[in-house]
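Biologist: Please put the model up, and then we can go through the chains and the contact between them.

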Amino acid sequence: MTTVHVPTTLASAIALLDDGAQPVSGGVGLSLRRRENALPGSLVATHRLPQSRGITVIDGGLRIGAGEPLEAVAAHPDVRALWPVVAEAAASVATGRIRRAATLGGNVAAFDPSHDPPVALVAVGATARLVSARGERTVPVRELTEQVSGELIVDFHLPAPELGTGSAYEKFLVRGVWEYACVSAAAVVTPAGGTLVVGSVRNAPLVVPVTDDDLAAESASRTAEPWSDVRGSVAYKRRMIAEFSRRALRTARERAAA
Amino acid sequence: MATPDVTAPDLTEPDLGLAVEPSIIGTSVQRVDGIDKITGRAQFVGDVRLPRMLYGAVVRSPHAHAIVKSVDTSRARRVPGVHAVITSADHAHRKWGAFRPDLYPLAVDRVRYVGDEVAAVAATDPESALRAAELITVEYEPLPAVLDLDAAMADGAQLVHDDAEGNVAHHFTLERGNVDEWLARSDVVVEGTWQTTRQWHSSIETIGCVADWSPGGRVTLWCNTQTPFLARQRYATALGVPESQVRVIQTEVGGGFGGKSGDDNTSVIAALLSKVAGRPVQLLLSREEEFLASRPRIPLRFTVKLGFTRDGLVTAKDIAVVADNGAYTGKSQAVLGAATVRHDAIYKYKAVRADSRLVYTNLVPTGAFRGFGNPSADWAVGQAWDLAAGELGIDVVDLLLRNAVEPGWVSPHNHRIGSCELKQCIEKAAELIGWREKRANPTPNRGLAIGASVHVSGRRSFGDYDGSSAIVRLTEDGRATVIAGEGEIGTGARTTLCQIAAATLGLSISDVSMSTADTELTTHALGALASRVTYVAGNAVREAALAARNQLLDGVSTLTGVPAAELDVVDGVLVAPAADPDLRMPVGAAVRKLIYRPGGTPIVGVGAFDNPSEFPDESRFGNESGAYNFVAEAAEVEVDPATGAVRVVELAAVADCGTVLNPALAQGQVEGAVAQGIGMALTEWFDGPSATPDRANYVDYKLPTAGLMPKLHVAFADSYEPTGPFGAKGVGEIALDPIPAIVASAVADAVGVRIHELPITPEKVFWALQEDE
């Protein structure tokens, strides 16, 4: 039997988490675990917490509540204008029905190398704010590799893009229907260089600094650790990582120039 | 994303020479069961609730091949709520199967594939049943397994069944005409080997059954079966009881596509559980189980040799076919037969030869799937035709037109072609896709292809009978009830049969309803297979309706003194425009008058129809159907050379199904078949060499979505089948058949690489392009 708590204050949510409850946001991952009879005994729903909602521009950057559905992130005009790579990654997840349920925080907290939004968040240099009974900490999403028990991701902060920045997200669906990507790549380019991040590989999110686009794409292809599965062999995926890295970088450059 | 552009079917009303209400035949009347389905009233297996009903769960083998050393059920029996736990000790040890009985209801001593049923449990709720099933301990001793065709056919290969030497479940050869001589005299000979893979039906409702074994020894099965009467025969064999002890009632069926034609153990296990528990049991497969327990499309490997004269006339065809049967046979033997001979009724071959072999493997057993072997035959032979066009330097549209069969043609297997508008289909498909314009103005990385296929309208398969019978009862309130055992599996057959009855009787469609199929109460029927219901059952219903109509007119004639020949029924009212202009008697009033009188009689018409076909002999010689339906389909694809990804951009499908009784339903059949064909070509596969599920789910196995549908032109040939009801033939399967082949040929046209093994994955196309460079 699972008990679901629906607190309306962050303090009560933290208290429940401190007692060993697990957070539940959109519930997508949890529904999948339900099929395996692996539900935790106590859940804390986060959708009523005001601190985890809202998308706002702060100092030219963005604050995105961890409880915001991916569909809201994808459609938000400020996200699209400032960091299209994040909007595109969110928009590329599964289907509309799932995007309206799944949240940005829940998607990141799944720590799944094939999830799209974390790849984009790492590319833009986003940080996550986590709160627990012990206090609060801010961690770059890139360094966020596991959820500490009792902690809740409250929101994400995306820096202001410097002048002349362009960004783009590319993923390859080998069958043209929604599933985890064969390969995925997020690109952020600036006048000084940029960052390429590759997902859907064992060492995701794999960060490659960009000086030359083609070299970065080749480097990503070499250093990524894809696995062989129904979407392609390792050799094929390496070629596709290079291809989709180039595509993401190309679009990012075009946007930077515009 | 391309918006499907569906052109309205071109329907020219043939002169039927009958008093037909034109608003019924050839009109997209609403499905008679549509409201019940969209409001959730329709009862599918999962909706059936009987008092004291239990829920079943099955224990399946995790081994591809193993000896079952022991089964310990003691812990499962102690789970609260468990009322039955069954193993091989609880059945009659009778093997069953449509053609080659090789399947036990639960494995006896040996399991032969991952998913083979070993034991089962029934409990008061599904969770307890699942928990108890997990507590059954089976001790296995693994055996070597044959996990692909080559391993199974290798010298000294491990046998899947000890009585099948060389793992051959079935083997036949045929030669009609002198193939070697014709090939020697040919100017161009093309050859190649093509392979298909398992495809799952993926019906929206999984296979299920509610079984109720009464203390008197009779068992009633509420099944989502396509074939209630054939299922009854087979399940009785499997249960070791006389047929008289088994009653099958068809529930609503959430899609069949061949997958619910009674070759799997689900209903048999439900019955055994009910017998032991003494209570009704519902067993409904999970999505994961459906991948293991159903009977997917059989993988076929075709080696094809085709000969042509310089001017593009086909001479001979030589094929060798090996088929991956999986662990048990089901209907795959018949599928292999159809895959071997059916396509010889598309083009005018002078001689054909075949060597066809059905081979056991330790993989998921295979069976019937929409197209019944034809999509696989077309995958190989259709691509060989495309290759030949290239070799000959003849446009493929012209090559197909030059060789297409015509009315009166007799195939090498004695398929007697009656109505046939294949050439019209080819011409229309080419026109709809803009073939000549696109050929004249090629677009980089885009390619075109066209293909054709033939299907039966019913096939003599189960003994020398492919008939149907029906009862039409006129009711005292002026309606008609069609009583027939053919059933409805979601295609709309119930609606078209009601249309046929309504048109024959002069009633409105809303005044006609159809019974549930029930082996106890309805007429005998072979059910929904081989695209037969519209044609075979349609004729039976029409005969029954005519008989009822004649009884009504004769009866009213005695009541009124107006000669029967002067009477007619228009909009549910008896009239006699010439003999008695004042006569207006509602049908209900007439029926009531004919009953409520001394010696009164009801109006009950009985009709029967047997397909005017021949029962083919051992070598598959014989005119298997009374009517053949045809299709031509043209596709344009776009290939991304950087990834190998293939997108079907535009597709034209033109079917010859005789009179289109209900355009919306016929169009739905064609669109669905195109989608399923695109899935077979481009999206549906499991990883790994055996192409069977390691993880049986839709994470790895992907169905095409609406977003993959091309700009689609659906049209129907102007056609009339003299032996069909109002000129109609079957249409349920045909439009799937050419799709995978034309997608592959269009890829070859676009970028010059030809894929020989399904599915067409981007990776295969990509590496082939790299080799090309």
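**Confidence and interface**

Modeller: Where pLDDT is low, the predicted coordinates should not be read in detail. This is a predicted model, in which local features need pLDDT of at least 70, side-chain atom pairs count only at pLDDT 80 or more, and totals for chains, interfaces and linings use all residues. Residues are numbered from 1 along each chain as its sequence is written, chains are lettered from A and ligands numbered from 1 in the order written, and side-chain values use heavy atoms, without hydrogens and water.

Biologist: Which side chains meet in a salt bridge between chain A and chain B?

Modeller: A salt bridge needs a side-chain nitrogen of Lys or Arg within 4 Å of a carboxyl oxygen of Asp or Glu. The count between chain A and chain B is one. At 2.9 Å, N to O, the pair is R247(A) and D640(B).

Biologist: How much area do chain A and chain B bury between them?

Modeller: Buried area is the accessible area (1.4 Å probe) that two parts lose on being put together, summed over both. Here 21 residues of chain A are in contact with 23 residues of chain B. On the chain A side, R175(A), V230(A) and Y236(A) lose the most, together 36% of what that side buries. With 57% on carbon and sulfur atoms, the buried area is about 1,700 Å².

Note on methods. Contact = heavy atoms within 4.5 Å.
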